[in-house]
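Subject: Structure handover

Hello,

Please find the structure below. My notes on what was found in it follow.

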Amino acid sequence: MSATVTTTKSTSTPGKGNGPASRMSLGKVLLIVAGALVALSVLRAFVDAAQQADFDRVTSSGQIAAALSMAVPIGLAGLGGLWSERAGVVNIGLEGMMILGTFFGAWAGYQTNPWVGVLAGVLGGAVGGLIHAVATVTFGVDHIISGVAMNILALGATTYLAKRWFEPLSDIGGSPKNSPQVDPIQTFTVPGLSDWLADLENHHWFLVSDVAGILGGLVTDISALTIVSVLLVVGSFFALWRTSFGLRLRSCGENPTAAESLGVNVYLYKYAAVVISGALAGLGGVFLALVRSHIYNEGQTGGRGYIGLAAMLFGNWRPGGLAMGAGLFGYSDALQLRNGGATVHALLLLVALGLAALAAWRIVRKSYLAGAVSGAAAVALLLWYALTDTVPGGLVSATPYIVTLLVMGLAAQRLRMPKANNRPYRKGQGT
């Protein structure tokens, strides 16, 4: 008996998919960052001149600090989605797992201390992930249906428990819709560097003060949970792409049948990924409850679990891109909350310039229809900016969601999800 082994040459196109060719080099990343800094500096200088008054600049340390606090829960939710989907399980239930994190984090936090609250919130999210894993992995329930059910279950359960546990605490600030106040988690400031950067920022020098403001927002009054979140992003990259555990987990999301045939316990890895996913989403909820507001409020997640999924898609299922997407969404959210219509109106100019550059690039690449559409949108935004002084309040509050839709529309063409994502798998298919 003989066997013939046939080898085939890869026909993948460089730059497509998730392979090494699709990753941007360090030089390109630095070029993009430098271009973004210059664009923000130009926008800041232009708006400062146009306002002829004190203006909370788009690159101020306060703006960057606010953007960072907005980005962290989105990034943690997106990181949870990345872990789950890399193992082949779609997790639409991230919003519900964040809700569990906000509730149990505040519940344990006001009774003991904030760090016990952090642990309780993470465990609450992990339990939500476990329920989702049982439904999808063991019983084969459609991932989307299970995720939606998880969101409904988490909202209903926390609403009921808030009435039972928080309403009797009205004498210390509890109510059916919120918990009593929780002690804050400690923050850190880099001594010396923070003051020096603040001094540079106050000089209002072109680019130099803008860079100082951005760096100042990253080293002043940073929550310990923010530092933990950054370490989790870095750690997730090494765990998923630099360890045998990560290789096996990702193989379950690409070809679980082949993984099983090589001895990988696919169910175990899927369970681990989804439980970790829930724990990360729960930590994002804890951040909202214990860092952003020091209290649990009903509905405080505000759809950030879904925006986290959008950040994950923007990052093409990779931690670095996910962090950039979360930063973009967090920045737009902070912009509308801190400065309102005037600043969002100024942002129209920046978006118009970006669309004009995109139109030129499309035309150079001989994609004339896409270039024409981008150019027309740029002209429309320029006219809107020139003919108005502010943006209506309804659009201001919707800014982060509009940014989400625009980014996803532009990024959708280059996405490549794990091949076995949302596909049913039964144990024994690989034997």
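**Aromatic pairs**

The structure, a predicted model, holds 13 aromatic pairs; rings of Phe, Tyr and Trp (its six-membered ring) pair if their centres lie within 6.5 Å, and planes under 30 degrees apart count as stacked, over 60 as edge-to-face and the rest as tilted. Trp83 and Phe245 make a tilted pair, with 6.4 Å from centre to centre and 40° between the planes. Trp83 belongs to helix H2 and Phe245 to helix H9, so this pair ties together parts 162 residues apart in sequence. (Helices are DSSP runs of H or I, at least four residues, numbered from the N terminus.) Trp83 is buried at 6% relative accessible area, while Phe245 is partly exposed at 30%; buried means under 20%, exposed over 50%, and partly exposed in between, with a 1.4 Å probe and protein chains only.

The pair of Phe237 and Trp241 is stacked, because the ring centres are 6.0 Å apart and the planes are at 20°. Both residues sit in helix H8, four residues apart, or about one helical turn. Phe237 is partly exposed at 24%, and Trp241 is buried at 10%. Arg318 lies over the face of Trp241, 4.6 Å from the ring centre; the criterion is NZ of Lys or CZ of Arg within 6 Å of the centre and within 35 degrees of the ring normal.

Ring pairs also join Phe103, Phe104, Trp107, Tyr110, Trp165, Phe166 and Tyr296 into a cluster.

The largest nonpolar core has 59 residues, and Trp83, Phe103, Val118, Ile185, Leu225, Leu249 and Leu290 touch the most other members. Such a core is a set of buried Ala, Val, Leu, Ile, Met, Phe, Trp, Tyr and Cys residues joined through side-chain atoms within 4.5 Å. Helix H11 gives the most to this core, with 14 residues.

Of the 27 residues in H11, 21 are buried. Just after H11, His294 has a positive phi of about 60°.

H12 is largely enclosed by the rest of the structure, because nine of its eleven residues are buried.

**Conventions**

Residues are numbered from 1 along each chain as its sequence is written. Local features need pLDDT of at least 70 and side-chain atom pairs count only at pLDDT 80 or more, while totals for chains, interfaces and linings use all residues, and side-chain values use heavy atoms, with hydrogens and water left out.

Regards

Terms used: Helix = DSSP H or I, 4+ residues; strand = E, 2+ residues; numbered from the N terminus.
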